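Dear colleague,

I am handing over the structure we spoke about, and I would be grateful if you could read the notes below alongside it.

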Amino acid sequence: MSRRNAEGGSAATTGAVFGELLKHFREAAGLTQEGLAKEIPCDRSHVARVEAGTRVPQDTFAKKCDEVLDTGGVLLRLWGRIDWYPQVEHPDWFRRRAEMDAVAAELHEYQEQVIPGLLQTEDYARALLSQTASGDEVEERVRARLSRQQRFLADDGPLYVAVLDESCLRQVIGSPDVMRDQCAHLLKVGQRPNIRIQVVPAACIGVVRPTTSMSLITLPGGERWVYSESLSRGHFNNDPDIYALHNRTYDVLRADALSAPKSAAWIGETMERYGHDGQDRPQYGDLDQEQLQRQRRRQLPGNGDLDQEQLQRGKRRRLHRSSPRFPRRRPRPRQQNP
């Protein structure tokens, strides 16, 4: 998936050229890598890797560097002409799905346990893939995963709707810092006109969730596919009846999920629970069962009546404790004749 320049030709630049140009502008501005990182803001290691050509920056990074270094927009224009993911290799079992993503007209997904690949940050993807691979294989798979995202993150990207079970954000992948950055990434990409992210909290009762994560893919010609995964294997089905069945389940689930704005607020609150300092604070999903039951009761119809009833019971208890107490006369035991 090579990027094209404004004249329609193939991109001829590389990430290393971007890194060299960034370094030139940074040094001309009299900033160290750490100094530029503070202005972005980001980690110094991120700036170092971009300059070395070993990390793919986001367009927002290029734009912010242009502003800080006063380049007149050179870096952002160059970023848009670079083929950041040349010759990536997808696992054999996943290659067919990647080819569909490259041409899909619409994509609707439901995901549980982990963030969908199209929404993962680089650090999240690396931490996740490191659980089953190591070394160069991890880096190649990370590059391949991120390469799939570019089409959906483009200004004219296809419609992409992702419904996330709460478990996607509750399960810590990598570290609290990785999860916090992942939440921030969801908030950012969720603002794009072609992307909608909705969350289904565990406390939502009566919600019928699919039995597994799944994708509903619409190709340009109108052909529709259902895609799901098992361990190291992808499953495809284009039977119209099967698609209709899963599409109906998905539509109902999406209607029961939080709206996109409410989901963004929920993700923001979850992000804050991971803490600014990287300390793992109590998570939404770690609430004890009593708290969870209280949340569910609040969602029941007439929850205001329930709260009033609890309040009245509390008042009655306090009145009972504060009321005057009088000694009660107890009958004396009868004396039996000897």
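How many disulfides does the structure hold? It holds zero disulfides, a disulfide being a pair of cysteine sulfur atoms within 2.5 Å. This is a predicted model, in which local features need pLDDT of at least 70 and side-chain atom pairs count only at pLDDT 80 or more, while totals for chains, interfaces and linings use all residues. Residues are numbered from 1 along each chain as its sequence is written, and side-chain values use heavy atoms, with hydrogens and water left out.

As for the cysteines, the sulfur of Cys42 lies 7.3 Å from the closest cysteine sulfur, that of Cys65, which is too far for a bond.

Turning to helix H10 (residues 176–189), its buried residues include Val178, Met179, Cys183 and Leu186; helices are DSSP runs of H or I with at least four residues, and strands runs of E with at least two, numbered from the N terminus. H10 and H12 pack at an angle of about 160°, with their axes 9 Å apart, where axes are lines fitted to C-alpha atoms, for helices over the stretch in contact, and angles run from 0 to 180 degrees between N-to-C directions. The contact (heavy atoms within 4.5 Å) is made by residues including Arg180 and Leu187 of H10 and Ile267 and Met271 of H12.

Best regards

Terms used. Buried < 20%, exposed > 50% of the residue type's maximum accessible area, 1.4 Å probe, protein only.
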